[in-house]
Amino acid sequence: MGRDHDWKFVSENLTAGTIPDYNADSTLYHTVISHNIAQKLNVGCGDKIDAYFLGGDTYRTRRLKIAGIYDTHFSEYDNAYIFATLPMLSALAGIDERLGTVVEINGLDSDTEISETAGKLSATLMDDIYTGRSDKFYSVTDVHSSAALYFNWLALLDTNVIVILTIMSLLTCLTLVSSLFILILRRVNMIGILKALGASDSLIRRAFVWLTMRLLILGLLIGNAIAIGIILLQTTTGFIPLDPEAYYLDHVPMEFNLAALLILNAGIILVSALVLILPSAIITTIPPSRVINYD
């Protein structure tokens, strides 16, 4: 890495040691390795490892000091990368620090912009070849192609979430309708008396819908309290673990978003009220003359 490299990603996943200050000459041979590599080599922070650099028919050896150890729980990444200073590698290769074999672009805002930018770069480079402005062919690869396996895996997770939320929504609607019918059955004689006293069907229906909505709102308050508590506890302690080999994370990530929570609750209340309108029509079929003495 160059002297001005942004170490935010590595710092967030650092488990031991520190990030070397590569602006100092004393850290020229300091390195940061992954937890997986450290275990395989049976080394820790402060230890030294021999690194062999191949070039042509010869190789060069440098003894590197381990300054830090990181762990992203992404085994393919952790097994492939260690971090060292660019001036050291440039000196070994005998080339300028500004030269390289790969140019990597980071910081694009969206997945769509990644694909569009890759397409534009590829088209521009091909034009340079055809027009003779360049005598070398350069390939452009975006992260969607190089890491297609992981994007497909994430898309599968999104599909599972949609299926689960759909099933939960259907069960919730059925539970609400069942609760409404139970309230009506327990108050059949009261419905008959209200009708006999002149109450309209619409008034009685609104009353029972409101009673059911009260149960829903009480459930939402209890559920929100439990959910917020779990989210805050998980965020601070990570007490719900995951297998890093399967999920690339050692705990379930959770985020508390107040705006999303309020929108979700408002949506649930609105949809539930609409779902209860049709089943409440059963009240209109109840004749007061037959149900006043209903037990």
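The structure is a predicted model, in which local features need pLDDT of at least 70 and side-chain atom pairs count only at pLDDT 80 or more, while totals for chains, interfaces and linings use all residues. Residues are numbered from 1 along each chain as its sequence is written, and side-chain values use heavy atoms, with hydrogens and water left out.

With a relative accessibility of 28%, isoleucine 240 counts as partly exposed; on this scale, buried means under 20% relative accessible area, exposed means over 50%, and partly exposed is what falls in between (1.4 Å probe, protein chains only). Once its neighbours within four places in sequence are set aside, isoleucine 240 is in contact with Ile230, Gln234, His251, Val252 and Met254, contact being defined as heavy atoms within 4.5 Å. From arginine 3, which is 237 residues away along the chain, isoleucine 240 is separated by 38 Å between C-alpha atoms.

Most residues other than glycine have a negative phi. Asparagine 42, although it is not a glycine, has a positive phi of about 55°, and histidine 73, also not a glycine, has a positive phi of about 65°. Asparagine 42 sits in the loop between α2 (35-41) and β3 (48-55), whereas histidine 73 sits in the loop between β4 (58-70) and α3 (75-78).

Strand β3 contains alanine 51, which counts as buried because its relative accessibility is 15%. Apart from neighbours up to four places away in sequence, the contacts of alanine 51 are Arg60, Thr61, Arg62 and Leu64. Tyrosine 70 is 19 residues from alanine 51 in sequence, and their C-alpha atoms are 18 Å apart in space.

Further along, helix α5 (residues 111-131) holds aspartate 128, which is buried, with a relative accessibility of 17%. Aspartate 128 touches Arg133 and Ser134 when residues within four places in sequence are not counted.

In helix α8 (residues 188-196), the buried residues include Val188, Ile191, Gly192 and Lys195. Viewed down the axis of α8, its buried residues fall within an arc of 100°, so they line one face of the helix, the arc being that of the directions from the helix axis to the C-beta atoms. After α8 comes glycine 198, with a positive phi near 105°.

A pocket here is found on a 1 Å grid over the protein atoms alone, as an open set of points with protein on both sides within 12 Å along at least five of seven lines, a 1.4 Å probe being the one used for cavities, and lining residues have an atom within 4 Å of a point. The second largest pocket holds about 1300 Å³ of space, a volume being the space filled by probe spheres set on the points, with grid points joined across faces, edges and corners. Its lining has 34 residues, of which Val161, Ile164, Leu165, Met168 and Leu264 lie nearest its centre. The elements that give two or more residues to this lining are α7 (148-186), α9 and α11 (258-277), and the largest share, 10 residues, comes from α7. By class, the lining of the second largest pocket has 24 nonpolar, nine polar and one charged residues, where Ala, Val, Leu, Ile, Met, Phe, Trp, Tyr, Cys and Pro count as nonpolar, Asp, Glu, Lys and Arg as charged, and the others, Gly among them, as polar.

Helix α11 also contains leucine 274, which is exposed, with a relative accessible area of 56%. Leucine 274 is 65 residues from valine 209 in sequence, and the two are 9.7 Å apart from C-alpha to C-alpha.

Finally, the cysteines can be considered. A search of the whole structure finds zero disulfides, a disulfide being a pair of cysteine sulfur atoms within 2.5 Å. Cysteine 45 is partly exposed at 35% relative accessibility, and cysteine 173 is partly exposed with a relative accessible area of 24%.

Technical notes: Helix = DSSP H or I, 4+ residues; strand = E, 2+ residues; numbered from the N terminus.
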